[in-house]
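Here is a short report on one protein model.

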Amino acid sequence: MKSCIFPTINSQRYAQNKPRNNNSRLGMINVNLSSCNARITNYAKKGWIEDARKLFDQMPERDVITWTAMVSGYSQNGRVDDARNLFDKMPQRNVISWTAMLSGYVQNGRIEEACILFSQMPEKNVVSWTTMLAGYIQEGKLELAHDLFDRMPEKNVVSWNAMITAYAQKGGIETARKLFDEMPERDIISWTSIVAGYAQNGRICDARKLFDRMPMRNVVSWNAMIAGYAQNGEVDVARQLFDKMSERNLESWNAMIAGYIENDKLHDARHLFDIMPARNVVSWTAMITGYAQSEERGEALKIFSEMQRSGAIPSRVTFVNILSACASLAALEQGKQLQGYATQMGLQRDVFVGSALVSMYAKCGCIDNAREMFDEVPARDVVSWNAMIAGYAQHGYGIDALNMLEEMQKAGIKPNDATFIGVLTACSHAGLVDEGLRFFESMEKVHCIIPRADHYACMIDLLGRAGRLEEAKGFVYNSRCEPNPSMWGALLGACRIHGNIELGKLAAERLFELEPENSGTYVLLSNIYAAYDRWEDAKKMRTMMKHRGLKKQPGCSWIEVKSKVHTFFLGDRSHPESEQIYSTLYSLDRQMKLAGYVPNTSLVLHDVEEELKEQILNQHSEKLAIAFGIIRIPRHMPIRIFKNLRVCGDCHIVTKFISKIAEREIVVRDGSRFHHFKDGFCSCGDYW
Ligand code: ZN
Ligand code: ZN
């Protein structure tokens, strides 16, 4: 909320509405002085500053009001130097002319010149003082403002409100309240400022007390309360207020929608969004953001195309969120179109949008495009660097990630805690154990960053993959934070790779307590048992899952061909080109066996005959997607496959064989990272 100290500058908005025939307006100059003065003010307000000047020049006589109107007109239209020129030529000036010039400087952010002019003023009134006060506040110089405020010979409600609003918004809520209590008369802006201040600072009870006492309320006061309750997690109270409002504006609807989204009530938000009388970019972006951060990311893309049809112009926040949805969905084609759109809007080199593009390309498997985007952003911040480091990490390019970290520091950007998630992940995926240990150590000692549970999880993963299970276990027990599911999960994953049943059981038991509804734990532990032929124990896990009403998340893989996503499940025969897919797989299988491939049936969970196990293996969703890719993706293009779960050991071996036999480059993004297959090798070096 803003208190209205300045008249608004309307030059842009009215420039379009300008009538063509100038003479009709300038024809009659014989009218009296005061009517001409009024016309100058009026033209300036509408942004027709040249017309104002023409009239000014044609006037046979001018008084101080004429001159002041023209100075003020230039000021309002951002032409401060023209204003000053005219101001210097004025035959006589009064306090209003001085204040008009002062206001020109302040409104255009030229605070030092404002200061000088203010000190030169022969006389000042309450408006001059308040204008200077607003200048300091606008520049964030609250101390100077307060000092000036104390020296004011006379204060009006606008000056008091300016101070209260400034303190309330900058976190000085106690000072704001003190001023509020001291002020001699209050208007609706004073009340609303203090109520909004309490609400924004998480003091919803104090806000409510004052809100209930308010002598009058406007829509801004109501909106502040709605946003405050929503931020405080009391979204139902917010809704009660929303329903009570006699008159709502767009901000009321947006506040309520944002409130539902913040409190994970996406469907309530959607309901309001669907019935709201009008929407702006904030409403669209709120919905897109909500979906992009949920499981229903596809819905974010739908809303975005609806937004485009509606003619609303997306903001950088819209782009960042829609790109994040594309990244999670691996919707590369849509992501590319968004890049084009962002470029059209001149946003590609924007640091926020640019970093989101880096992430999108990296997560869609195009690490080279990600780097291109990164290089194009001129003013990179820590978020851009983190996006690129995380990208290299997910792709298993550990050394590139570490080089990036070094370059980042050389560029004078300090790493933050997210940077180290990327760095430690990079070490983990590339098997750089000693480096990882060193970086972890340096976090606190060199960079003063206290490791969080996620950093510990990275370390457990790093040591666990490398087979250093005891040390990994040490990280769980000796971490300074309460061991969380991702830490135990990393340990369980390592036990699965290295076949440590006892430790695996221990980690799984903790996970059963912490997140009993996660079916992944049961599956992993039963896989560990199955790999050692302990079928009874494996079966027990499956029974336990059934009793708890849990279902294994089905593995699925998808591939985008000409903007259309094709999804495959285990043994899927629903695809129209199913026959071709299976015959391609069959012929590849024969060639692979000639080349020395032996199916690794220990990875099949089911307690069945060897031959059947082989068949089940052969129908894993990623194999079906790869076969489809071989049929439909042109030879010169890499085949990009995405899988929701971790790729299995047998599929990994098979994909290496296929990359050689079929001479294809295959990129697989599984639940945890990327694998680039080429010439019979994988970029992970079989370390995953
Ligand atoms: Zn597989
Ligand atoms: Zn690999």
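Where is Asp533 found? Asp533 sits in the loop between helix H33 (519–531) and helix H34 (535–547). Helices here are DSSP runs of H or I with at least four residues, strands are runs of E with at least two, and both are numbered from the N terminus.

The model is predicted, so local features need pLDDT of at least 70 and side-chain atom pairs count only at pLDDT 80 or more, while totals for chains, interfaces and linings use all residues. Residues are numbered from 1 along each chain as its sequence is written, chains are lettered from A and ligands numbered from 1 in the order in which they are written, and side-chain values use heavy atoms, with hydrogens and water left out.

**Loop residues with positive phi**

Most residues other than glycine have a negative phi. Asp533 is not a glycine, yet its phi is positive, about 60 degrees. Asp533 is exposed, at 54% relative accessible area. Exposed means over 50%, buried under 20%, and partly exposed in between, with a 1.4 Å probe and protein chains only.

Glu663 is not a glycine either, and has a positive phi of about 50 degrees. Glu663 lies in the loop between H38 and strand S4 (666–669). Its relative accessibility is 61%, so Glu663 counts as exposed.

**Zinc sites**

Donors are N, O and S atoms within 2.8 Å of the metal (3.2 Å for Na, K and Ca); water is not among the atoms, so sites may look incomplete.

| Ion | Donors | Distances | Spacing |
|---|---|---|---|
| zinc ion (ligand 1) | His620 (ND1), Cys648 (SG), Cys651 (SG) | 1.9 to 2.2 Å | H-x27-C-x2-C |
| zinc ion (ligand 2) | His652 (NE2), His675 (ND1), Cys682 (SG), Cys684 (SG) | 2.0 to 2.2 Å | H-x22-H-x6-C-x1-C |

At the zinc ion (ligand 2), the four donor atoms subtend angles of 101 to 116 degrees, which makes the arrangement tetrahedral. Four donors count as tetrahedral if all angles lie between 85 and 135 degrees. His652 belongs to helix H38 (residues 649–661) and His675 to strand S5 (residues 674–678), so this pair, 23 residues apart, links distant parts of the chain. Both His652 and His675 are buried. At the other site, Cys648 and Cys651 are both buried.

Ser683 is in the segment after strand S6 (681–682). With 26% relative accessibility, Ser683 counts as partly exposed. Beyond its neighbours within four places in sequence, Ser683 contacts His395, Tyr397, Phe674, His675 and His676. Contact means heavy atoms within 4.5 Å.

**Helix pairs**

Axes are lines fitted to C-alpha atoms, for helices over the stretch in contact, and angles run from 0 to 180 degrees between N-to-C directions.

Helix H8 (residues 111–120) packs on helix H9 (residues 126–138) at about 155 degrees, with axes 10 Å apart. That makes H8 roughly antiparallel to H9, a term for angles over 145 degrees. Ile111, Ala114, Cys115 and Phe118 in H8 meet residues of H9, including Trp129 and Met132.

Helix H27 (residues 417–430) and helix H28 (residues 433–445) cross at roughly 160 degrees, and their axes come within 9 Å. H27 and H28 are therefore roughly antiparallel too. Phe420, Val423, Leu424 and Cys427 in H27 meet residues of H28, among them Phe439 and Phe440.

Notes:
Four donors count as tetrahedral if all angles lie between 85 and 135 degrees; four count as square planar and six as octahedral if opposite donors are over 155 degrees apart and all others between 65 and 115; anything else is irregular. Angles under 35 degrees count as roughly parallel, over 145 as roughly antiparallel, 65 to 115 as roughly perpendicular and the rest as oblique.
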